[in-house]
Amino acid sequence: MTVSGEVGLQHVSWWGRRTLAQRRQLAGVCFAAPAVALVVALIAIPIGQAVYYSMTNWDGITATWIGPSTWSQAFHNPTLWQALENNAKLLIAVPFALGIPLAIAVLLHQRVAGWRIFRSIYFLPTAISWVVLGLVAEQFFAYGGTLNSIIHHLGLSSVTTNLLGQESTALLALGITFVFTMIGTNTMLFLTGMATLDPSLEEAARVDGAGRWRIFVSVMLPHLKRFIQLAFVLTVVSAFSALFSLIFVMTGGGPGYATTTLEFLVYQTGFQQGQFGTAALYGLILFIIMALVGIVQLRLIGSNE
Amino acid sequence: MTALAEPEVPVFADDDAPSPKRRVTPFRVVLFALMVGVAIVMLYPFWVMVTVSIKSEQQYLSGHGFSLDSWKTLTQVLPVGQQVLNSTVICAMSILVILIVGMSAGFAFAKLRFKMSNLVFLAVVSAMMIPLQAILMPEFVNVTKVGLTNGYFGAVLVYAALGTPFSTFLFATYFRGVPDELIEAGIVDGLGYFGVVRRLILPIAVPAIATVTVLQFIQIWDDLLVGLLFIQDQSLRPITVGLAALASGRTTSIPQLMAGSLISAIPAMVVYLGFQRYLVRGLTMGISK
């Protein structure tokens, strides 16, 4: 009797649990649906469309099928190579966009008088639109701008720069501006990392006779590894996909194509030349590059765990 | 992760602790001087915006004198009031969608596991890596075709879609720390799943809501590309688009441009200074487990 009673109870509770689980599942699907719908409709489907349209001649209204040959043709376009080259050159800015914030974070970490105020000041430009920072940078690099007056004050009145106006130097000016715009965010990341470091570790190293540099290299840097990786990925992603505002207001991609990066080439090809198909193709190349960066990021994170 | 999943990075943890009294050494004087140097560089944009905007066009060109002319005539070239309002409306609507959609999905993925929910979660979150430029052309044509570029909604939808993956990730990470018992208790008490979210989840999610709001506010307020392309009606333009358009004009007055820039920068700076710690928390979300 007791045995059958137990079986009966189990039977009831099994059903009870099952319906509850089913209800939970249904609720889960419903709650997740809006987010999934948004991402599918506005991100996933457009990627599929981009693949199709990249093989067509498309002006935004009518598309004529051409085929995969558009891809090989695209890579014969010197402008695409110029854009990719500009992207590659901008990657040279990445070590600076990491190194300078690291140095600033170390400075702040020394807790010199007034460091909290300095911290707020250093982070302030992070809040400002890159449209505005680009406009300011234009003032800085302009012919009659701050850079030239600094140079003249240093007694080099014969030297007058016009970085943004020359093909050979415009990208340098863009790169410098990019480094500036990344300082706040990356400093913040590093400082956060340093705040998680147990001060007794530093103290122990000091007691053991380690100098400041040694403490930095042996204690601080290993501890900051994850934060540096995150900052690295953020910076690389920004270099590829967040410079639109800066380029738009500072150079418009010029002179020539000197500051046209891949993301800006998508805009130019699509909206200034009306070649929607080719622009979609360029967008996909950007997508592939970003996917590779993403895979590297996952590898990096994976290697930590 | 421990209780309530608050990924407690001791962000600025020593803020409230008094700074230990340190002796003034030459080394620390050098450090201080360096800090001042960095501060000057970081304050440069504000210095330019302020000093240039308080000149008239002639004074700017000659380099001498100050006046409020550019501020007085600013609204003639840049409808700042309207554009700041546009930016505010677009930000508010987008963030609202991002919060609602992200919070409910984050809750679903963290607590209401369904078939393949992990896979779907991964797919949604990986969309974070896709920049708008990668899908810009089809996106633009789609949104235009359904007629949404005539108002705010096209831009709002695009911002919402771009912000949802991160928001979902952040809320899911946050909700993983909520004990299952809490939700079960709510269900047993007859709250239903909506009731659980509204009565139990919403109140404890406030820090995550603040983080998403601050990060998205700064991102959307400062953005140019979406506003530029997905809002065709000029009178609905956000301030960043207004500035960029003004800057690309032929007869742009630089002092007026700087005055407009300063106005556009102020709201984001206020939000930023007020909610700094939420911003840091959001940025380090992925690694502070």
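# Exercises on a predicted two-chain model

**Exercise 1. Locate Leu229(B) in its helix, and decide whether Leu229(B) is buried or exposed.**

Leu229(B) belongs to helix H12 of chain B, which covers residues 225–230. The model is a predicted one, and the answer is therefore reached by counting neighbours in the predicted coordinates: a residue is classed as buried once 20 or more other C-beta atoms lie within 10 Å of its own. For Leu229(B) the count within 10 Å is 22 other C-beta atoms, so Leu229(B) is buried.

**Exercise 2. Determine how helices H5 and H11 of chain B are oriented relative to each other, and which residues make their contact.**

Begin with the geometry: H5(B), spanning residues 80–111, packs against H11(B), spanning residues 206–222, at an angle of about 140 degrees, and the two axes are 10 Å apart. Next, compare the angle with the classes: over 145 degrees would count as roughly antiparallel, and 65 to 115 as roughly perpendicular. On the H5(B) side, the contact is formed by Ser87(B), Ile90(B), Cys91(B), Ser94(B), Ile95(B), Ile98(B), Leu99(B) and Gly102(B), and on the H11(B) side by Ile209(B), Val212(B), Thr213(B), Gln216(B), Phe217(B), Ile220(B) and Trp221(B). Sorted by class, the residues of this contact comprise 10 nonpolar, five polar and no charged.

**Exercise 3. Describe the overall make-up of chain B in terms of secondary structure, extent, burial and contacts.**

The secondary structure of chain B consists of 15 helices and zero strands. Along the principal axes, its C-alpha atoms occupy a box of roughly 75 × 65 × 30 Å. Chain B has 289 residues, of which 49% count as buried. Finally, when contacts in chain B between residues at least 6 apart in sequence are considered, 78% of them join residues at least 24 apart.

**Exercise 4. Characterise the side of chain A that touches chain B, and then the domain division of chain A.**

The contact between the chains involves 71 residues of chain A and 77 residues of chain B. On the chain A side, helix H1 (residues 2–53) supplies the largest share, 19 residues. The class composition of that side is 50 nonpolar, 17 polar and four charged residues. As to domains, chain A is divided into domain 1 (2–53) and domain 2 (91–260), and the centres of these two domains, taken over C-alpha atoms, are separated by 46 Å.

Conventions:
Residues are numbered from 1 along each chain as its sequence is written. Chains are lettered from A and ligands numbered from 1 in the order in which they are written. This is a predicted model: local features need pLDDT of at least 70, side-chain atom pairs count only at pLDDT 80 or more; totals for chains, interfaces and linings use all residues. Axes are lines fitted to C-alpha atoms, for helices over the stretch in contact, and angles run from 0 to 180 degrees between N-to-C directions. Helices (H or I, at least four residues) and strands (E, at least two) are DSSP runs, numbered from the N terminus. Angles under 35 degrees count as roughly parallel, over 145 as roughly antiparallel, 65 to 115 as roughly perpendicular and the rest as oblique. Two residues are in contact if their C-beta atoms, placed from the backbone, lie within 7 Å. Ala, Val, Leu, Ile, Met, Phe, Trp, Tyr, Cys and Pro count as nonpolar, Asp, Glu, Lys and Arg as charged, and the others, Gly among them, as polar. A residue is buried if 20 or more other C-beta atoms lie within 10 Å of its own, exposed if 12 or fewer, and partly exposed in between; C-beta atoms are placed from the backbone. Domain bounds come from an automatic or database domain assignment.
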